[in-house]
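Visitor: Could you walk me through this one? I have not looked at it before.

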Amino acid sequence: MSTFPKLLATLATERPNEVALQEKRYGIWQPLTWSSYDARVRDFAHGLASLGVERGDVVAVLGDNRPEWLIAELAAQTLGAAVVGIFPTSLNEELRHILTLARVKVVVAEDQEQVDKLLRLRLETPAAAEPKAGDDAQGDDEAAAELLVETVIYYDPHGLESYTDPCLKEFTDVEALGRDLAALRPGWLDAERDKSGPDDIAIICTTSGTTSRPKLGELSHANLLAMAEHLTSVDPIGAKDRYVSFLPFAWIGEQMLAVACGLSRGLTVSFPEDALTQRSDLREIGPNVMFSPPRIWESMLSEVQVRIDEAGWLKRSVFGWAYNVGDKVAGRRGKGQGPGLGLALAHRVADVVGLHPVRDQLGLARIKRCYTGGAPLGPDVFRFFHAIGVNLKQIYGQTEICGIAVVHRDDAIAFNTVGSPIPGTELRITDNGEILLRSASVFRGYHRQPEVTAETVDAEGWLHTGDAGYLDEAGQLIVIDRAKDVLQTADGTRFSSAFIENKLKFSPYIEEAVTFFGDSAGGNGTGGAEHGGMTALVTLDPLTVGSWAEHEHLSYTTYSDLASKPEVHTLVAEEVDRANQDLPESIRVRRFVILHKQFDPDDDEITRTRKVRRSVINKRYADIITALGKGEPSVQVHSSVTYQDGTTVERTIDLRIFDLTSYAVPAGQGRRPVWSGRR
Amino acid sequence: MLTRAYQHTLNSSGVPAGQLLLEVQDVSLRFGGVSALTDVSFTVTQGHIHSVIGPNGAGKSSLLNCVSGLYHPQDGNVLLHTGADQGARGTTSHELTRLPPHRIARLGVARSFQNIELFAHLTVLENLMLGRHIHMRHSVAASLLWFGPARNQEIAHRALVEEVIDLLQLQAYRHQAVGSLAYGIQKRVELGRALCIQPALLLLDEPMAGMNAEEKEDMARYVLDVHELAGVTVILIEHDMNVVMDISDRVSVLDFGRLIADGTPDEVKANPAVIEAYLGAEVLV
């Protein structure tokens with residue numbers, strides 16, 4: 001078993017002139033070969049050492065995906081230090097929490113924006129930050145800990161020319177410093193690198209923290225490499241494969257493929273030019289493998305829906321026919337049957353005229369396998385991608401087990417399951433339905449929180465996932481939800497709100513939905529009194545609803561204006577009713593409210609990986625939830641909105657509560673197809 | 001290339017920061033019997049954002065047109081200093097009022113227009129490359145064949161254009177026809193084309209006109225970036241007082257073709273003549 005820096009050194013000697021990383025800059029894909037990648041890592045490692053980074057330290061990286069991110073990561077690991085990735089959108093409290101908990105001395109930040117955040121944090125006295133930390137009632141003494149950041153290294157110097165803070169260093173200057181130092185002590189770095197063993201911490205990943213403040217999971221080289229080994233034994237990844245890195249490196253999924261599989265299999269990682277060009281850059285590269293959370297797949301489907309709806313009747317009908325053929329073939333393949341001769345021929349034609357062009361537009365033309373994980377993906381979205389010929393598979397895992405433990409096999413993809421464990425992984429379901437996992441990839445523990453670690457991993461090495469699930473007849477795992485979120489109705493139906501929410505969210509018009517059960521605020525009551533039953537808080541997808549409104553010649557100004565239109569209420573009512581058709585009577589959504597704003601990570605309502613924080617929603621929208629439960633016709637909200645610069649504003653808005661109990665879809669309207677927002 | 005810093009300087013003025021760049025001396029402009037400008041005099045310092053404000057019809061755009069050579073004033077002079085190393089024919093200052101616009105552009109005076117003046121059917125990249133046109137020197141034959149030096153020259157110019165694209169964050173629109181872009185983006189492309197000239201002096205005629213608050217803030221940010229990162233001196237015409245007072249180093253106020261005030265934003269805000277002419281006499285705060 002090796003370490004990442006050792007793997008990089010091997011690749012640099014075996015394939016020195018092949019492209020390791022490439023970044024689109026100034027309109028051109030600028031390649032970095034394995035040998036120059038290695039050389040930059042060595043220079044930067046020497047530089048970090050001269051700034052006082054030692055074995056056992058933690059270096060933080062805060063920024064978008066760039067080659068410098070990985071260079072910093074590998075350089076720190078060469079010295080025997082670990083790297084903690086921070087989501088570039090993180091703000092003050094979150095940032096302080098991670099930096100103090102990991103006792104970070106050196107931060108590598110991308111640009112002026114990130115540097116400003118860090119400098120502001122350094123200026124705040126810990127005393128001023130303390131009362132806030134106390135509010136979180138975490139009770140951990142880490143909150144009061146001091147910020148130890150001594151050096152901030154930036155790699156995008158634009159706008160920083162006039163900054164004089166002595167803690168600031170430019171990335172290339174640190175590299176130059178390291179180069180000079182390397183000349184003074186040849187061989188030192190190789191010795192340092194070889195001192196590290198596979199059980200040392202490689203990266204520290206923040207857990208998404210839907211329940212509390214992020215915890216820091218320590219993953220060793222051995223953990224990650226075992227995961228890469230096991231995953232690639234199921235789904236081979238080769239040196240010729242292309243990968244586009246556009247999701248935050250702070251997320252385990254990106255580390256999993258770009259770093260762990262990337263270095264152990266030597267694949268080329270490409271970085272898009274800018275957040276806005278991601279899609280077109282993705283299409284230029286045409287990756288062979290991809291791992292994204294559900295929102296990416298959902299937004300791809302929304303994009304197809306919007307563009308198909310804008311297309312003329314000829315394109316619509318050709319795609320509609322091709323989609324039906326593809327859907328039939330995918331359906332038969334799911335049941336383990338091949339298509340008949342006629343269907344196979346039709347599929348060949350359908351692929352050329354309708355399916356391949358759509359795959360190409362999405363940048364998925366070369367995809368061999370792609371994965372979704374992190375949150376449940378609606379079966380209908382799944383079905384869409386398989387129908388257009390994209391081999392999309394579900395991954396189940398957590399940061400604590402390197403992001404993956406269970407995955408679909410190529411020939412057995414059931415849309416409601418998450419597949420079967422990868423080799424080397426044991427799976428057990430406890431008597432109360434919790435999923436337990438054990439493998440070489442189970443993490444070392446939470447950084448400096450041994451008591452929390454002990455609650456998560458037991459003495460025999462089983463990781464308690466906290467998820468409820470069961471195995472189906474074929475032995476594939478079905479995940480219901482977080483164990484504590486599984487509820488029971490008065491008539492004994494066991495269900496999870498996420499299950500219903502996903503049904504709602506599959507509508508292209510609904511971005512997020514949060515459901516509540518019973519008439520008590522908080523939605524955890526099992527009451528079901530006369531006004532009881534399911535209720536939902538819904539936010540709109542502004543892109544699709546906006547385009548729908550344009551199509552309907554409906555004028556609107558802002559999101560809240562759009563959300564208050566009666567036409568939009570009718571539209572959403574139809575969608576909710578459609579979702580209700582697939583649900584048992586006792587858990588159908590009776591009433592819903594369209595929220596006046598989208599959920600925003602800056603308001604703590606969703607996490608940076610876009611998972612809804614129920615506790616925050618329950619607290620912030622308690623009035624709305626109570627009114628929903630009671631079946632009132634409308635509710636008034638006072639909302640405070642936090643802007644990106646940190647200022648807050650108060651407003652009062654009337655929200656209409658839509659009652660579905662007496663609602664019936666207007667007669668004479670058919671069901672719309674999956675790939676379109678229209679009938 | 002390891003560093004992410006830009007390799008090209010966008011400011012072509014040889015005048016050191018803090019010294020005089022432009023002198024407008026007693027400029028008067030008449031259209032028949034109508035006086036557009038009467039005895040306007042002020043100076044612009046290298047490294048400043050210098051705003052010109054005034055009510056509609058005060059003569060702001062006319063003033064800019066006198067500087068860029070589209071109008072020739074009947075009286076007065078406009079002197080542009082180019083610094084020692086740039087002086088063509090041994091002179092370091094140029095009288096602009098009698099020069100044709102293309103000669104003024106060669107001296108490094110670039111401008112954007114109040115109404116967007118881009119080639120709607122060309123892409124963003126092509127429009128920006130046009131900004132480099134005055135710097136391109138090669139024969140018609142070599143250009144047509146895109147051969148040898150002509151090719152290398154175009155590649156070198158593209159490198160600078162790409163830095164402007166990066167500075168103004170136009171990457172996503174690079175290959176889109178300008179006509180198909182949103183208004184705010186088109187305004188940004190206009191700014192970009194003016195920058196591609198590598199200006200000694202940048203004239204911006206209402207770059208934020210017709211924008212909403214958010215777009216204005218973005219544009220103000222880009223103007224500041226151009227000023228701070230590239231060190232370009234800017235003369236800005238703008239109606240939004242908040243923007244003007246926020247980002248300007250110096251403000252000149254015109255009313256009915258006359259200069260009624262000239263100073264720092266705070267001085268101008270406190271000037272009674274300005275309050276009367278611009279905000280209306282009653283609104284004394």
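**Strands in chain A**

Guide: The model is predicted. A place to start is strand E25 (residues 534–540) of chain A, which pairs with E26(A) in the parallel sense over five bridges.

Visitor: Which residue is the bridge partner of Thr535(A) in E26(A)?

Guide: Arg591(A) is the bridge partner of Thr535(A).

Visitor: And what is the bridge partner of Arg591(A) in E28(A)?

Guide: That partner is Asp659(A).

Visitor: How many bridges join E26(A) to E28(A), and do they run parallel or antiparallel?

Guide: There are three bridges between E26(A) and strand E28 (residues 648–659) of chain A, and the two run antiparallel. With E25(A), by contrast, E26(A) pairs in the parallel sense.

Visitor: Changing topic. How many residues of chain A are in contact with chain B?

Guide: On the chain A side there are 13 residues, in contact with 14 residues of chain B. The chain A residues that touch chain B divide into four nonpolar, five polar and four charged.

Visitor: Now chain B. How many helices and strands does chain B have?

Guide: Chain B has 10 helices and 10 strands. Its radius of gyration is 19 Å, close to the 19 Å given by the globule rule for 285 residues, so chain B is as compact as a globular protein of that length. The C-alpha trace of chain B spans about 65 × 45 × 40 Å along its principal axes.

Visitor: What share of chain B counts as buried?

Guide: Of its 285 residues, 41% count as buried. As for contacts in chain B between residues at least 6 apart in sequence, 70% join residues at least 24 apart.

Visitor: At what angle do H3(B) and H6(B) pack?

Guide: Helix H3 (residues 124–131) of chain B and helix H6 (residues 183–196) of chain B pack at about 35 degrees, with axes 7 Å apart. Their crossing is right-handed.

Visitor: Which residues make the contact?

Guide: H3(B) contributes Val124(B), Asn127(B), Leu128(B), Leu130(B) and Gly131(B). From H6(B) come Val189(B), Gly192(B), Arg193(B), Ala194(B) and Cys196(B).

Visitor: And by class, what does the contact of H3(B) with H6(B) have?

Guide: Six nonpolar, three polar and one charged residues.

Notes. Residues numbered from 1 in each chain as written. Chains lettered and ligands numbered in written order. Predicted model: local features only at pLDDT ≥ 70, side-chain atom pairs only at ≥ 80, totals over all residues. Contact = placed C-beta atoms within 7 Å. Nonpolar A, V, L, I, M, F, W, Y, C, P; charged D, E, K, R; others polar. Helix = DSSP H or I, 4+ residues; strand = E, 2+ residues; numbered from the N terminus. Rg over C-alpha atoms; globule rule 2.2 N^0.38 Å. Buried ≥ 20, exposed ≤ 12 C-beta atoms within 10 Å, placed from the backbone. Axes fitted to C-alpha atoms, helices over the stretch in contact; angles between N-to-C directions. Left-handed = near helix turned anticlockwise from the far one by under 90°. Pairing = 2+ DSSP bridges.
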